[in-house]
Every structure is written in structure tokens, then in C-alpha cells.
Amino acid sequence: MIVIAVTGASGQLGRLVVEALLKSKTETRIAALVRDPSKVADFGEKGVDVRKADYDAPETLAAALEGVERLLLISSSEVGQRTRQHKAAIDAAKAAGVKLIAYTSILNADDSPLALADEHRETEAYLEESGVPYVLLRHGWYTENYMGAIPAAVENGAVYGCAGDGRFSFATRKDYAEADAAVLLKEGQAGKVYELAGARGYTLSELAAEISAHANKTIPYVNIPEAAYSDALVKAGIPEPFAAILANSETGASGGALFTKSHDLSDLIGRSSTTLAESVAVAMQD
């Protein structure tokens with residue numbers, strides 16, 4: 001029986017991937033790799049093998065990867081530490097004899113101008129050097145990145161950003177998780193690169209229009225300079241380094257960095273990706 005392991009299984013994406021694997025009803029064993037096993041006690045009740053694994057404690061990685069054949073390496077949430085942490089996981093996977101690493105990279109990683117892309121490119125390069133068979137799951141922008149800001153947009157009467165008329169190929173975490181799980185369950189994935197993103201692109205003006213429709217008032221999109229947007233994010237409580245990265249990402253989106261015509265995601269999940277309208281409707285019901 002194939003053993004599939006998922007790093008960061010207690011995170012927002014990791015949980016959804018494990019759930020998608022469970023729903024597949026395939027003859028596999030699933031290992032949830034987490035820093036704090038108590039956070040996924042519910043997985044243990046469903047037959048998932050919960051294993052302690054910490055990017056910053058290599059000895060835990062070695063033990064957690066014992067017997068694993070396919071590993072989903074979900075990119076670390078610690079921007080600035082990702083390359084180091086990913087290298088530790090890749091080294092441990094190689095030593096454990098893992099036969100395939102699936103890595104959640106970023107959309108258009110080869111030539112992406114986003115500051116976020118640097119560590120993803122470094123990780124992709126290290127995977128190539130490692131000699132371990134791998135498949136790249138390049139994720140686009142998550143729809144949820146904007147859903148949490150809807151209440152503020154309604155209260156302030158505007159959606160602010162610095163993406164101009166740039167289009168985002170939004171998809172939900174659930175969409176990405178289902179695609180990631182589908183790849184993990186397929187044979188012959190080594191060497192493949194998937195550009196995963198929503199089936200169509202949306203501008204932030206379209207996001208504002210969707211919010212307006214549900215709020216029953218006009219909420220425009222207001223484009224502001226990158227520095228001003230970064231400052232606004234900091235005032236909203238986002239740490240300054242990450243606020244700068246988010247603002248940089250929007251500027252990159254203005255030039256097409258977060259848009260693709262790829263239908264890899266829809267092809268993998270067997271349906272169209274969740275629309276922006278659907279996501280806004282759910283967010284505004286909560």
C-alpha cells in the first residue's frame with residue numbers, strides 16, 4: 001500500500017489536502033506531518049497516521065518520513081526561512097528513500113517578478129539538484145486572500161489595492177487541495193509541472209463589483225501606489241515585512257504575474273474552479 005505524507009497538515013491547505021485524500025477512498029495510507037500532533041487529533045480518529053515533523057528539527061523529519069513513498073511538501077509559511085526549511089525536508093526525504101516529492105510552488109515561477117517567487121525558485125532548483133523525482137504544483141493566488149478583507153471594504157466604502165487592471169486567476173484553497181491530492185494519487189508524475197490557477201481571471205474592480213452586489217451599495221476599487229497600500233496593510237494589523245510582500249505581489253499582478261490561461265487545475269479536479277461570485281457570496285453570508 002502506497003504511503004502518502006503531507007507536510008503542514010494542520011494548516012489551511014494541508015488539512016484540505018488530507019481531507020481530499022480521505023475522500024478518494026483509494027488504497028493508500030496517509031501520514032499527516034505536523035509540528036503539533038494535538039492540532040490534528042481528529043485525523044487520527046479517521047485512520048490518518050499523525051507524525052511529528054518540524055522543519056527546524058531535522059531529526060523529526062527523518063523519523064516522520066520513514067516508509068513514505070510520495071511526499072507533498074507544502075511550502076512553509078515562514079517567508080524568509082522557506083529555502084532553508086525546504087532544503088531540510090528534501091534532504092530528509094532523500095535519505096528516507098521517498099520516491100516522489102510534490103512541491104507547492106508559485107504560479108509562473110520561472111519568470112515571476114514577485115518577491116515571493118525567489119524562495120520558490122530556490123527550492124525548485126534544490127529539488128533538481130537533489131536527484132529525488134519531483135513534480136511541481138505551482139499555485140496561483142488564493143481567493144481567500146481577499147475574502148477576509150470584505151468587511152473592511154464594506155465599512156470603508158471601497159476596495160483598495162495597487163494591482164491596477166491586472167487580472168488574478170483566483171481559485172480557492174479547496175480547489176488547489178483537490179488538485180494537489182489528484183496528482184499525489186496519479187502514477188507517472190515525476191518531471192511534470194502544473195500551473196494551477198482558476199479557470200478565468202478577475203480584476204480587483206470585478207471583486208469590488210461582486211461585493212457591491214451583495215452589500216446593496218456601490219463599493220468601488222481604488223488603486224493607490226504600492227507604498228501607500230503597504231502602509232494601509234500595516235495599519236490594518238499585518239506585519240510590515242509581509243505587508244510589503246503582499247503589496248509587491250499586487251504590483252506584479254498589474255503586469256500579469258498572477259494570471260494564466262492554463263487549465264491544469266480544472267483538468268485535475270474534473271470541474272471548473274470556484275468562481276469569484278461563489279466565493280464572495282459565501283464570505284458575505286458568514
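Q: Which residue in E4 is the bridge partner of Ala 5?
A: In this predicted model, strand E1 (residues 2–7) and E4 pair in the parallel sense, and three bridges join them. Within that pairing, the bridge partner of Ala 5 in E4 is Leu 71.

Q: Which residue of E5 stands opposite Leu 73?
A: E4 also pairs with strand E5 (residues 100–106), in the parallel sense and over four bridges. In E5, the residue opposite Leu 73 is Tyr 103.

Q: Which residues of strand E4 (residues 70–73) are buried on each side?
A: In a regular strand the side chains alternate between the two faces of the sheet. Both faces of E4 are covered, with buried residues on each: on one side Arg 70 and Leu 72, and on the other Leu 71 and Leu 73.

Q: Within what arc do the buried residues of H13 fall, seen down its axis?
A: The buried residues of helix H13 (residues 276–283) are Leu 276, Ser 279 and Val 280. An α-helix has 3.6 residues a turn, so residues three or four places apart point the same way. The buried residues of H13 line one face of the helix, because seen down the axis they fall within an arc of 95°.

Q: Which element gives the largest share of the lining of the second largest pocket?
A: The second largest pocket holds about 200 Å³ of space, and Ala 20, Lys 23, Ala 177, Glu 178 and Ala 181 are the closest to its centre among 13 lining residues. Helix H1 (12–23), helix H8 (173–185) and helix H12 (264–269) each give two or more residues to this lining. The largest share, six residues, comes from H8.

Terms used
Residues numbered from 1 in each chain as written. Predicted model: local features only at pLDDT ≥ 70, side-chain atom pairs only at ≥ 80, totals over all residues. Heavy atoms only, no water. 1 Å grid on protein atoms, 1.4 Å probe; cavity = no way out; pocket = protein on both sides within 12 Å on 5 of 7 lines; lining within 4 Å. Points joined across faces, edges and corners; volume = space filled by probe spheres on them. Buried < 20%, exposed > 50% of the residue type's maximum accessible area, 1.4 Å probe, protein only. Arc of directions from axis to C-beta. Pairing = 2+ DSSP bridges.
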